[in-house]
Amino acid sequence: MRRGNSTVVIAIVAALAALSILIWSSSSGEPLVSSPQGTWGEPRATEPRLPLEPLDIEGVPEQIGPEEEPEEQDIPWLTDLAIALFVMAVVVFLLLVARWAGRQRVEEKKRLAAAEEKELVALLDATGEDVRYHALSEGDPRNGVVACWVALEEAVHRSGLEQDRSETSAELTTRVLRRWEVDQDAIDALSASYREARFSRHPITEEERLAAVEALDRIHTDLRRRIRAEEELREAEERKGAHEAGDMAETDDQQQAEAGAHRSRSRSRARRRR
């Protein structure tokens, strides 16, 4: 709201300035844009003139040429008005473009923040206690290990993140987890356990299932740590803003107090003089 009001104020000030220049130019009689003065190049050398002899003009028919048309008088203030209106239009257009670009940046930040929040919530659900319990207690160890990684892949797809054509679902999931600064050892351990359980034929033990669940738990812990860090940063920014607002209010109070004291001293001096 403040940004929109400042834009309108700037446009009004620019319009008033242009009109003031136009009024000054019209009242002074001098156009804002005048034709160039002076000559270009070096002056030509003039030849000496010869004395003219009187001519006998008797018998020479009088030549009647076309009537000279009156020259059109140029009105300087019309040119000034056109220039002022053009400048005003350009200024208003630039201000509107800047305002639109600012709104677009704000909307883009909001959209990215909403997408990141949706993605983080999906990852927290995929690594939560319920998922770890079912992976550890249901089915055989092979299915439990696969379920741990598949839960992460499904969470990434639910968040609506665009996937490159050249990357697989596992690569996309790894990229997302790295972006959230998750422990790389936990990502590598769970990814390796998933590939072994998914594509190998030898039996998967309970110890391997437990290792996969523990890796999923470490990922969940890192995600929770990231949330707490962002919350602390947001609270610090809010406290900083409140502190700055308090300092500004305190400065205003001090200025008002000094102004009041100055007025009191002035009145006292005036009374003494009387």
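Mentor: Happy to! Let's begin with a word we will need: a residue is called buried when its relative accessible area is under 20%, and exposed when that area is over 50%. Please keep in mind that this is a predicted model.

Our part is helix H4, which covers residues 141-158. Its 18 residues reach 26 Å from the first C-alpha to the last, close to the 26 Å expected at 1.5 Å a residue. Now look at which of its residues are buried: Pro141, Gly144, Val145, Val146, Cys148, Trp149, Ala151, Leu152, Glu153, Ala155 and Val156. After H4 comes Gly160, with a positive phi near 85°.

Now step back to the whole protein. It has 7 helices and 0 strands, so the pattern along the sequence reads α-α-α-α-α-α-α. Of the 274 residues in the protein, 22% are buried.

Helix H2 spans residues 76-126 and includes Leu94. Leu94 belongs to a nonpolar surface patch, together with Ile83, Phe86, Val87, Val90, Phe93 and Val97, and the patch has about 620 Å² of accessible area.

Helix H7, residues 206-273, holds Glu237. This glutamate counts as exposed because its relative accessibility is 52%. Glu237 gathers with Glu231, Glu232, Glu235 and Glu238 in a patch of negative charge on the surface.

Methods:
Residues are numbered from 1 along each chain as its sequence is written. This is a predicted model: local features need pLDDT of at least 70, side-chain atom pairs count only at pLDDT 80 or more; totals for chains, interfaces and linings use all residues. Side-chain values use heavy atoms; hydrogens and water are left out. Patches are made of residues with over 30% relative accessible area and no salt bridge: like charges are joined within 9 Å, nonpolar side chains (Val, Leu, Ile, Met, Phe, Trp, Tyr) within 5 Å. Accessible areas come from the Shrake-Rupley method with a 1.4 Å probe; for residues, only the protein chains shown count as cover. A salt bridge is a side-chain nitrogen of Lys or Arg within 4 Å of a carboxyl oxygen of Asp or Glu. Lys and Arg count as positive and Asp and Glu as negative; His and the chain ends are not counted. The place of a charge is taken as NZ of Lys, CZ of Arg, CG of Asp or CD of Glu. Helices (H or I, at least four residues) and strands (E, at least two) are DSSP runs, numbered from the N terminus. Buried means under 20% relative accessible area, exposed over 50%, partly exposed in between (1.4 Å probe, protein chains only). The expected span of a helix is 1.5 Å times one less than its number of residues.
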